[in-house]
Every structure is written in structure tokens, then in C-alpha cells.
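Biologist: Hi, I'm new to this one. Could you put it up and walk me through it?

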Amino acid sequence: MEHLPETKETNLPAQSQTLIAFLSQQTTLSAIDKEIILALSEPSIRNFPPAEFNNLIVVLIGKTHLNCGMEFSEERRNITQLTIDELCDDLKKYNGNLSFKEIELAFKNGYKKQYGDFFGLNNATYFGWVN
């Protein structure tokens, strides 16, 4: 079995197309495995500008609500915004080595109940999924 090329954040842009080409040729890896490998190759969230990261998280939370059949109204968004800064700070503090793609995968797996049942969409749930 071939091994994946070694990736580091500093040389990732030059290797990203190679990694995608490599994964497209792999027949022994599932689509989920390929998605995880690509997520692992993305830059970490540690150095994302706070405003950009907050916006990404707000969109991700909105999508998660919709995927769970919940409305993400303006009122709900305003309530969520009250806790977004804390969630983003905690994600960077405790999971700063993760890429945003990895966080997206955690949310996706979470709302699909890959980590068990959840009882509400809130910071505790999101943080649990990422951990």
C-alpha cells in the first residue's frame, strides 16, 4: 500500500494538488477516509483572523440548524452571536491544531449522530462534537 506524502502547513499549497491527485487514484480508501485526509492537510484554525473565523462558524452553525430541521431565524442568529466569540476562542484554545474542514466534519458527524444523540444545538454540543 502506498503511503500518503508527508504534509506540513508550510509546504501545503505546493502539495495540495498532488494530494488530491493521489487520493483520486486510491481505491482502498473510502470517500469518508479521503475527506478526512484532505481535512487534515488544511491549515489550522490557530492563525485565522478572529472576524473571519467567527463568520465561518456562524455559517456552519446556521447550516447545522438547517440540516437538523431547525429554523435559523434572525432572532436565533442574534442569540447565537452572543456566544459565538466564546465558542471560537475555546475552539482555538483547545483545538487550535485542527483545520476548519476538520471542524466541519465534526459538525457533520455530530448532526448525523455519529457521536450519539444530542439534546439541543448549543456551544456544549458543538464543542463536544469537535472534541
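This is a predicted model: local features need pLDDT of at least 70, side-chain atom pairs count only at pLDDT 80 or more; totals for chains, interfaces and linings use all residues.

Biologist: Okay, then which element gives the largest share of the lining of the largest pocket?

Modeller: That's H5, with 6 residues. Helix H2 (31-40), H3 and helix H5 (100-111) are the elements that each give two or more residues to that lining.

Biologist: How much space lies in that pocket?

Modeller: About 200 Å³. Of the 13 residues lining it, Glu35, Leu60, Glu104, Leu105 and Lys108 are the closest to its centre.

Biologist: And how do the lining residues divide into nonpolar, polar and charged?

Modeller: There are 6 nonpolar, 2 polar and 5 charged residues in the lining.

Biologist: Let's zoom out. How many helices and strands does the chain have?

Modeller: It has 6 helices and 0 strands. Along the sequence, that reads as α-α-α-α-α-α.

Biologist: What percentage of the residues count as buried?

Modeller: 35% of the chain's 131 residues do. The accessible surface comes to about 8,300 Å², and carbon and sulfur atoms account for 53% of that.

Biologist: Switching topic: how many aromatic pairs does the structure hold?

Modeller: 6 of them. One is Phe48 with Phe53: the ring centres are 6.0 Å apart and the planes sit at 90°, so that pair is edge-to-face.

Biologist: Why does Phe48 count as buried?

Modeller: Because its relative accessible area is 18%, and buried means under 20%. Phe53 is buried too, at 1% relative accessibility.

Biologist: What about Phe107 and Tyr126, are they stacked or edge-to-face?

Modeller: Stacked, with 5.1 Å from centre to centre and 15° between the planes. That pair links distant parts of the chain, since Phe107 is in helix H5 and Tyr126 is in helix H6 (residues 123-130), 19 residues apart. Both Phe107 and Tyr126 are buried.

Biologist: Which residues do ring pairs link into a cluster there?

Modeller: Phe107, Phe118, Tyr126 and Trp129.

Biologist: Last one, where does His65 lie?

Modeller: In helix H3 (residues 50-67). His65 is buried, with a relative accessible area of 0%.

Biologist: And what does His65 touch?

Modeller: Leaving out residues up to four places away in sequence, His65 touches Met70, Glu71, Phe72, Arg76, Leu121 and Tyr126.

Methods:
Residues are numbered from 1 along each chain as its sequence is written. Side-chain values use heavy atoms; hydrogens and water are left out. Helices (H or I, at least four residues) and strands (E, at least two) are DSSP runs, numbered from the N terminus. Buried means under 20% relative accessible area, exposed over 50%, partly exposed in between (1.4 Å probe, protein chains only). Contact means heavy atoms within 4.5 Å. Accessible areas come from the Shrake-Rupley method with a 1.4 Å probe; for residues, only the protein chains shown count as cover. On a 1 Å grid over the protein atoms alone, a cavity is a set of points where a 1.4 Å probe fits but cannot get out, and a pocket is an open set with protein on both sides within 12 Å along at least five of seven lines; lining residues have an atom within 4 Å of a point. Grid points are joined across faces, edges and corners, and a volume is the space filled by probe spheres set on the points. Ala, Val, Leu, Ile, Met, Phe, Trp, Tyr, Cys and Pro count as nonpolar, Asp, Glu, Lys and Arg as charged, and the others, Gly among them, as polar. Rings of Phe, Tyr and Trp (its six-membered ring) pair if their centres lie within 6.5 Å; planes under 30 degrees apart count as stacked, over 60 as edge-to-face and the rest as tilted.
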